[in-house]
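Here is a short report on helix packing and chain contacts. Look at the model first, then read on.

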Amino acid sequence: MKEGLSFILLLIIAASILDTVTQLLLKSAINSLRVSVSGSLGKIIQFIMQLIRLPQVWVALFFSVLALCVWLFVLSRADLSLAFSIGSLHYIFIAFSSRFLLKEKVGFKRWLGTFFIVIGIVLVTIG
Amino acid sequence: MFKKKITLTIFLLLVFSDFLETFTQFCFKKSALAGSAAALNNLSGIFGFFQGVFLTWFLWLGFIAVALTFIIWSTVLSRIDLSVAVPVASFSYVLVPLVSIILLQEKVSILRWEGIFFILIGVIFVSLSSKER
């Protein structure tokens, strides 16, 4: 690991942010379709076909590929269990961006749950 | 318009996409190991890294898993909040260390297991929060 731990940390955070952007774009695309998919395989295929016609999904794919490239570098240098654990910083990014950008109602239990996950991440990281 | 409650079907879909995610991580780690001999401080080194990575069939197996995960994940997101789906999906924090121990011979300390325990408590709270409204 000749690049050093801080370089790896920076890359993992970058991958997390790219991943958060991916999720936000995908979720907003799905929200814009205003459907709740359930049941048959045919309906799921129809939904996916509708979904991949939206430009946001392809922008999301672009960010996802970027995240993957960064992630591949990280995995070539760090333990999978360590890299995956620090990468979970995006739970915080997701909670805040869902609340403020997607206007989801994030109540007390959800913040508490996210807080526990953050504690867990810190323990996993120093462990 | 959107269902707020996590149903058993959605939870099972999330767990299944977690297994796929774990499988994807394993495949990517395997393919990244194939490129780890290359030095990444110059352009030809970076090119060599991706050459090594793209030649392994683990990478392509990983891509298939990603496509499957996309379909399942999109279906789930059409029914529940993003701020619920993402935390609940952290079940992979249990699966990934298990795979790391068994297949990659990595060490997972007691402290990391405690962290995993906290993450699971968090996931339970977030799941319950989907029933708030």
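In helix 1 of chain B, B:Ser31, B:Ala32, B:Ala34 and B:Gly35 meet B:Phe49, B:Phe50, B:Gly52 and B:Val53 of helix 2 of chain B. Contact here means that two C-beta atoms, placed from the backbone, lie within 7 Å. The residues of this contact divide into five nonpolar, three polar and no charged. Ala, Val, Leu, Ile, Met, Phe, Trp, Tyr, Cys and Pro count as nonpolar, Asp, Glu, Lys and Arg as charged, and the others, Gly among them, as polar.

The model is predicted: local features need pLDDT of at least 70 and side-chain atom pairs pLDDT 80 or more, while totals for chains, interfaces and linings use all residues. Residues are numbered from 1 along each chain as its sequence is written, and chains are lettered from A in the order in which they are written.

Helix 1 of chain B covers residues 8-35, and helix 2 of chain B covers residues 43-54. Helices are DSSP runs (H or I, at least four residues), numbered from the N terminus. The two axes come within 7 Å and cross at roughly 135°. Axes are lines fitted to C-alpha atoms over the stretch in contact, with angles from 0 to 180 degrees between N-to-C directions. Helix 1 of chain B and helix 2 of chain B are therefore oblique to each other. Oblique is what remains after under 35 degrees (roughly parallel), over 145 (roughly antiparallel) and 65 to 115 (roughly perpendicular). Their crossing is right-handed, with the near helix turned clockwise from the far one by less than a right angle.

Now chain A. It has six helices and zero strands. Its C-alpha trace spans about 50 × 35 × 25 Å along the principal axes.

A:Leu24 lies in helix 1 (residues 5-33) of chain A. A:Leu24 counts as buried because it has 20 C-beta neighbours inside 10 Å. Beyond four places in sequence, A:Leu24 is in contact with A:Ser97, A:Leu101 and A:Leu102. A:Ile94 is 70 residues away in sequence, yet the C-alpha atoms are 8.1 Å apart.

Between the chains, 46 residues of chain A are in contact with 48 residues of chain B. Helix 6 of chain A gives the most to the chain A side, with 13 residues. By class, that side divides as follows.

| Class | Chain A side touching chain B |
|---|---|
| Nonpolar | 27 residues |
| Polar | 11 residues |

Methods
Helices (H or I, at least four residues) and strands (E, at least two) are DSSP runs, numbered from the N terminus. A residue is buried if 20 or more other C-beta atoms lie within 10 Å of its own, exposed if 12 or fewer, and partly exposed in between; C-beta atoms are placed from the backbone.
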